[in-house]
Amino acid sequence: MRKSRLNKNSQREVAKLIKKLDRCLSKLTLERDKNEGCITSGVKTGIFHAGHFRRRSLMSTRFHPQNVNKQSARDNTFLYGREYEYGLALDRKFGEGTARKLYELSRKTRQWTADELRVLISACEKGHLVYSEIYSKLR
């Protein structure tokens, strides 16, 4: 069965919005964590990414504000994110059980609508506190 033209267009729109939110959230995360070192190694100089604890392909946690943190390019890219150390650091940063909570949440299926993504992009442009508040209402 062929997908309708409208469905294909909406899928393209969602893909573009996901890409836009990824960029916005990365900038927001690096701004939020600008006075901190890498979440996994603590290094304070070098090139940094907005690294994800649970991989980006898991849509249920992809845009979760606690899942995305400042991480050195070395740890994120060449050391595969250092997931174990990342989990320990999450519990120190956000409270005991945060890594487990994100792990459990990541096992659920989540599809974001174009409207939800637009709301998150708008919130992201207003700053981290607004983004976190809006995100928690949407999930």
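Mentor: Fine. Keep in mind that this is a predicted model. Read along the sequence, the protein chain runs α-β-β-α-α-α-α-α.

Trainee: How many helices and strands does the protein chain have?

Mentor: Six helices and two strands.

Trainee: And how does the radius of gyration compare with the globule rule?

Mentor: The protein chain has a radius of gyration of 16 Å, close to the 14 Å that the globule rule gives for 139 residues, so it is as compact as a globular protein of that length. The C-alpha trace spans about 50 × 30 × 30 Å along its principal axes.

Trainee: What share of the residues counts as buried?

Mentor: 43% of the 139 residues in the protein chain.

Trainee: What about contacts between residues at least 6 apart in sequence?

Mentor: In the protein chain, 70% of those contacts join residues at least 24 apart.

Trainee: Cysteines next. How many disulfides are there?

Mentor: Zero disulfides in the structure.

Trainee: Is C24 buried or exposed?

Mentor: C24 has a relative accessible area of 16%, so it is buried, the cut-off being under 20%.

Trainee: And C38, buried or exposed?

Mentor: C38 is buried too, because its relative accessibility is 4%.

Trainee: Now E116. Where is that one?

Mentor: E116 is in helix 5, which covers residues 114-124.

Trainee: Which residues is E116 in contact with, neighbours within four places in sequence aside?

Mentor: R110, Q111 and L138.

Trainee: Last one, T77. Which helix is T77 found in?

Mentor: Helix 2, residues 73-78. T77 counts as partly exposed, because its relative accessibility of 42% lies between the 20% and 50% cut-offs.

Trainee: How far apart are the C-alpha atoms of T77 and H49?

Mentor: They are separated by 9.1 Å, while T77 and H49 are 28 residues apart along the chain.

Technical notes
Residues numbered from 1 in each chain as written. Predicted model: local features only at pLDDT ≥ 70, side-chain atom pairs only at ≥ 80, totals over all residues. Heavy atoms only, no water. Disulfide = S-S within 2.5 Å. Buried < 20%, exposed > 50% of the residue type's maximum accessible area, 1.4 Å probe, protein only. Helix = DSSP H or I, 4+ residues; strand = E, 2+ residues; numbered from the N terminus. Rg over C-alpha atoms; globule rule 2.2 N^0.38 Å. Contact = heavy atoms within 4.5 Å.
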